[in-house]
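Hello,

Please find the structure we talked about just below. Have a look at it first, then read my notes.

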Amino acid sequence: MSLANQQDQWTGNASLSLADPGDYFALLKPRVMSLVAFTALTGILIAPGSMHPVLAVASLLAIAVGAGASGALNMWYDADIDAVMQRTSTRPIPAGKVTPEQALSFGLVLSGLSVLTLGVVANWFAGAFLAFTIFFYAVVYTMWLKRSTPQNIVIGGAAGAFPPMIGYAAVTGTVTVESLVLFAIIFIWTPPHFWALALLKVDEYERAGVPMMPNVKGEKRTRIEILAYSLVLAPVGVLPWALGFASWIYGVIAIAGGAGMIALSIQVLRAADGAKLVKPARSLFFFSILYLFVLFAALAAGQIIHRVAG
Amino acid sequence: MSGKPDKDASGDGRNDTASRPDGFPETYVPTPEEARARRRRNIAIAIAIGVFSVFFYAITIAKLGVGVIERPL
């Protein structure tokens, strides 16, 4: 028991935490963590050379835990914003189940543990890369960009785009064009994905004081930028096939998916204001998740088939 | 220390200090709900430590490979 709790005990305010293990697990943002693990796995699979399966799984776990740790640090810092937004008000800190100090300790310990584990298991370049990613998400994005600029998720999106590069670096110990292409796909995918959500949650972001693009530059400008990013994303998504590290099947999927992103972005651009915008924006948001998942699944599946057949 | 209460904040007498000679409770007595939550956390920590130990054992074997049995005596 801490001194503070002992003091509380003497003054009659003693209490023990009511937090369940599930509350701590929720601090890790499990859905984000699973997406990170999935994209990192793709990075591991497309990397040339081989890695012992146990070490590959261990590296993947370390990357996933590192992502979870940065999620806990994000929840620690953003507890005030989370409390006023409906989507995040039930998170463990605003719900009163975990104190901010407990979340901070949890995030810091897991950050250190995940970085050291990846360094020992894979290599120290990958470990350092993971440390930088955690720093980028927790400090550069969460503490600096998120509350200060409508470009928050554009620049901050790099943190979500690094995991496949870390997976690739875990095998090779370096950065190559292939891993940079995987980074570029997620990096350019992030703005249309999050701005589609921001168009649906304008009031909530306004109330929380988060300067998202629709709140600062307006919905019209946001819709134009969504289309612009989708127009760049579509050809970038095809690059793995064009550069020869993905099959033609991937190429077909990427072309079709990119066309879908552009078509839905045009619908968002053309939709009337107000309630008419909800449906296309929601469609784009969910399609963008499917697009990224299918692209990375096709890349991973192609590599698995190539290795099994080869 | 000033400000010592006679009754604890829970109101159910679990941590009542009035009857104790030094005015302080010897130990804090958690509510049943707190005790259950603490037990669940303890079990989770035990499982995590167990998994972590097996995890690093497997990593060690995987990294050392046949070197494990080829060490000099």
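**An enclosed helix**

In helix α9 (residues 163-172) of chain A, 10 of the 10 residues are buried, so the helix is largely enclosed by the rest of the structure. Buried means that 20 or more other C-beta atoms lie within 10 Å of a residue's own; exposed means 12 or fewer, partly exposed is in between, and C-beta atoms are placed from the backbone. Helices (H or I, at least four residues) are DSSP runs, numbered from the N terminus.

This is a predicted model: local features need pLDDT of at least 70, side-chain atom pairs count only at pLDDT 80 or more, and totals for chains, interfaces and linings use all residues. Residues are numbered from 1 along each chain as its sequence is written, while chains are lettered from A and ligands numbered from 1 in the order in which they are written.

Among the buried residues of α9(A) are A:Met165, A:Ile166 and A:Tyr168. What do the buried residues of α9(A) pack against? They pack against α3, α4, α6 (100-121), α7 and α10 (177-200) of chain A. Here, two residues are in contact if their C-beta atoms, placed from the backbone, lie within 7 Å. Just after α9(A), A:Gly173 takes a positive phi of about 75 degrees.

**Two crossing helices**

Now take α3 (residues 30-46) and α4 (residues 53-77) of chain A. Their axes come within 9 Å and cross at roughly 145 degrees. Axes are lines fitted to C-alpha atoms, for helices over the stretch in contact, and angles run from 0 to 180 degrees between N-to-C directions. Residues of α3(A) including A:Val36, A:Ala40 and A:Ile44 meet residues of α4(A) including A:Leu60, A:Ile63 and A:Ala67. By class, this contact has 12 nonpolar, 3 polar and no charged residues. Ala, Val, Leu, Ile, Met, Phe, Trp, Tyr, Cys and Pro count as nonpolar, Asp, Glu, Lys and Arg as charged, and the others, Gly among them, as polar.

A:Lys29 is in the loop between α2 (21-27) and α3 of chain A. Its phi is near 50 degrees, a positive value in a residue other than glycine. A:Lys29 is partly exposed, because 19 other C-beta atoms lie within 10 Å.

**The core**

The largest nonpolar core has 97 residues. Such a core is a set of buried Ala, Val, Leu, Ile, Met, Phe, Trp, Tyr and Cys residues joined through C-beta atoms within 7 Å. Residues with the most contacts inside this core include A:Leu27, A:Ile44, A:Ile63 and A:Ile166. The largest share of the core, 14 residues, comes from α4(A). Why does the core lie between domain 1 and domain 2 of chain A? Both domains give residues to the core, so it lies between them. Leaving aside neighbours within four places in sequence, A:Leu27 is in contact with residues including A:Gly71, A:Ala72 and A:Phe106.

**The two domains**

Chain A is assigned domain 1 (21-175) and domain 2 (176-310). Domain bounds come from an automatic or database domain assignment. Their centres, taken over C-alpha atoms, are separated by 21 Å. In contact are 28 residues of domain 1 and 27 residues of domain 2. On the side of domain 1 that touches domain 2, the largest share, 7 residues, comes from α3(A). The residues of that side divide into 17 nonpolar, 8 polar and 3 charged.

Best wishes
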